[in-house]
Amino acid sequence: MASDNSLGDAEKAEEVGASIQGAVLEPAVAPAHGISQTCSSHSEETEAAHDDARDLEQLAVVSTGPVYLAFSTAQKRFIVVMVTWAAFISPTSANIYFPALNPLEIDLNVSTTLINLTLTSYMIFQGLAPTVFGDLADMAGRRPAYIIAFTIYLGANIGLALQNSYAALFVLRCLQSTGSSGAIALGFGVVADISTSSERGSYMGMVGAGTMMGPALGPVIGGILAQFLGWRSIFWFLVIIAGCFLVSFALTVPETGRNVVGNGSVPPQGWNMTVLEWFQLHKQETSGNGLSRSDTAESRRLAQAELARTRKLRWPNPLKTIHIVMEKDMAVVLIYNALIYTAFYDIMASLPKLFQDIYHFNDLQIGLCYLPFGCGCALASFINGKMLDHNFRRVAKQIGFTIDRKHGNDLRHFPIERARLEIIWPLLGVGLACVLCYGWVLEKNANLAAPLVLQFFIGLCVNGAFNILSTLVVDLYPQSPSTATAANNLVRCFMGAAGTGIINIMIDSMGRGWCFTFLALVCIAAMPTLLVELKWGPIWREDRRVRMEKYAEGKKRAEEREASSESGTDGETTGQSADEATKEKL
């Protein structure tokens with residue numbers, strides 16, 4: 001990157017300056033040699049005492065490379081808040097729709113089966129769409145992907161609020177899912193752009209909170225709107241929150257894609273600029289010294305050209321997501337993550353029918369019963385983020401690994417699997433035990449307080465485990481975080497769609513108690529796969545890194561050979577033209 005080269009040149013200049021300064025000062029210091037020895041012995045003792053109390057992170061050797069990110073802490077927090085807002089919209093769109101099922105069935109005069117097909121199709125596109133938007137974001141930048149996705153989403157919601165036929169409802173729900181579902185993959189990609197591994201847990205927790213608050217608050221909001229304003233108001237509500245997000249995002253949120261702006265120090269190109277950045281650039285170009293403007297424009301052009309060489313704009317390739325799923329270490333994490341997500345989502349999808357049958361609740365009351373889930377999920381996301389960052393520091397201290405928040409760390413020799421998975425076991429134990437108990441509480445028609453309390457702990461623990469594994473997915477595939485998150489989304493949505501499709505059949509056939517016991521036992525039986533990840537994951541990760549480096553080197557050599565052959569051809573053509581011109585003169 002041009003920015004990296006310029007920073008490297010600056011560092012070299014500093015080193016040369018320091019050496020020159022040392023050479024000048026040495027003679028002046030020499031006469032005080034005896035005094036300096038006495039003082040140095042005392043200072044060494046003092047420094048040794050201080051060193052024992054210092055944190056390992058503070059003892060890290062100063063890195064000479066470029067900083068990992070040029071954004072300030074305030075900018076990073078603002079960016080995370082915005083992507084959390086976007087991540088909240090996607091699952092909210094899926095779950096705010098539940099209270100509208102019965103009114104839509106009556107207004108459109110269709111069967112329950114056909115209405116439920118709009119749920120299944122939504123989840124299918126929820127898994128497929130991020131495979132396109134994730135690859136697009138990793139290739140062209142985050143901002144174009146966000147703007148395209150939410151423009152589609154906005155148009156779909158306007159159409160849904162105005163439609164009067166089942167065919168329009170079905171098609172527009174698919175478009176709605178396509179536009180909104182990319183936000184989750186894009187959000188985790190942005191977090192990977194702006195955070196090092198040592199601080200990523202907290203930021204991932206915030207985005208995870210937005211992702212999991214949607215299923216909890218969506219039915220409540222949908223129930224209130226459907227009850228008092230009708231089902232069309234649900235889609236107008238989504239138009240308002242999506243429109244506010246899109247305008248705010250287009251105006252203020254900067255590009256973070258590392259292949260577009262590097263660490264944030266390279267100015268973005270036209271379509272990656274915010275509106276405010278465009279106005280600032282226009283102001284710079286029309287004011288100030290002409291020579292200074294030309295120098296600035298030339299340096300910006302060179303920096304952008306340097307990054308542009310490493311990427312080629314093309315049609316997004318969804319198959320890249322399949323390649324990630326086929327990696328052994330990724331497959332282990334993705335499949336288990338999908339299992340616990342399916343168990344979690346089955347509880348939420350079956351809640352309306354079960355609570356209507358047992359407690360005879362209406363749509364609004366059922367919607368309010370999702371609040372314990374929301375509280376547990378929100379608390380889990382923030383607590384787990386702090387736990388992940390703390391455990392990362394603890395493992396680093398145990399193995400003598402120095403943490404560099406400024407420049408980021410190379411995780412090649414760091415056991416990231418251990419740092420993430422060590423804290424998952426108590427969460428899985430408590431969470432799956434609550435899933436098992438939840439079924440038997442409903443089987444015995446217990447007091448309402450019992451299932452609601454269990455829902456809170458399921459949201460806290462099972463969702464907490466889900467967030468930990470989602471963070472690990474990004475850590476294992478940092479070169480394409482949005483595509484990796486899209487792979488996570490693809491596997492969990494497909495498995496979740498299958499689970500929600502048969503959960504009511506399972507409850508009717510097995511009974512409430514045995515149905516949820518079965519779900520808990522499947523997740524417990526699959527837990528040893530995480531031990532496999534702990535033991536073999538680092539080996540598989542290193543094999544993938546070596547394989548990708550060899551591929552990158554081969555690709556670079558091929559490009560160099562192609563460039564040299566083209567330059568040779570150009571030289572021959574130039575020589576031939578010169579000879580012909582000489583002959584003509586003679």
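At what angle do helix H20 (residues 481-510) and helix H21 (residues 512-525) pack, and how far apart are their axes? The angle is about 125 degrees, and the axes lie 7 Å apart. That makes H20 oblique to H21, where angles under 35 degrees count as roughly parallel, over 145 as roughly antiparallel, 65 to 115 as roughly perpendicular and the rest as oblique. Axes here are lines fitted to C-alpha atoms, for helices over the stretch in contact, with angles running from 0 to 180 degrees between N-to-C directions. Helices (H or I, at least four residues) are DSSP runs, numbered from the N terminus.

All of this comes from a predicted model, in which local features need pLDDT of at least 70, side-chain atom pairs count only at pLDDT 80 or more, and totals for chains, interfaces and linings use all residues. Residues are numbered from 1 along each chain as its sequence is written, and side-chain values use heavy atoms, with hydrogens and water left out.

On the H20 side, Ile 503, Met 506, Ile 507 and Met 510 do the touching; their partners in H21 are Arg 512, Trp 514, Cys 515, Phe 516, Phe 518 and Leu 519. Contact means heavy atoms within 4.5 Å.

Helix H3 (residues 73-95) and helix H6 (residues 142-162) cross at roughly 35 degrees, their axes coming within 13 Å. Val 83, Ala 86, Ile 89 and Ser 93 of H3 meet Tyr 146, Phe 150 and Tyr 153 of H6, and the crossing is left-handed. For helix H14 (residues 328-359) and helix H19 (residues 449-476), the angle is about 155 degrees and the axes are 10 Å apart. That makes H14 roughly antiparallel to H19, again with a left-handed crossing.

Salt bridges (a side-chain nitrogen of Lys or Arg within 4 Å of a carboxyl oxygen of Asp or Glu) number 12 in the structure. One of them joins the side chains of Glu 417 and Arg 541 at 2.9 Å, N to O. Glu 417 sits in helix H17 (residues 416-421) and Arg 541 in helix H22 (residues 528-585), so the pair ties together parts 124 residues apart in sequence.

Key:
Helix = DSSP H or I, 4+ residues; strand = E, 2+ residues; numbered from the N terminus. Left-handed = near helix turned anticlockwise from the far one by under 90°.
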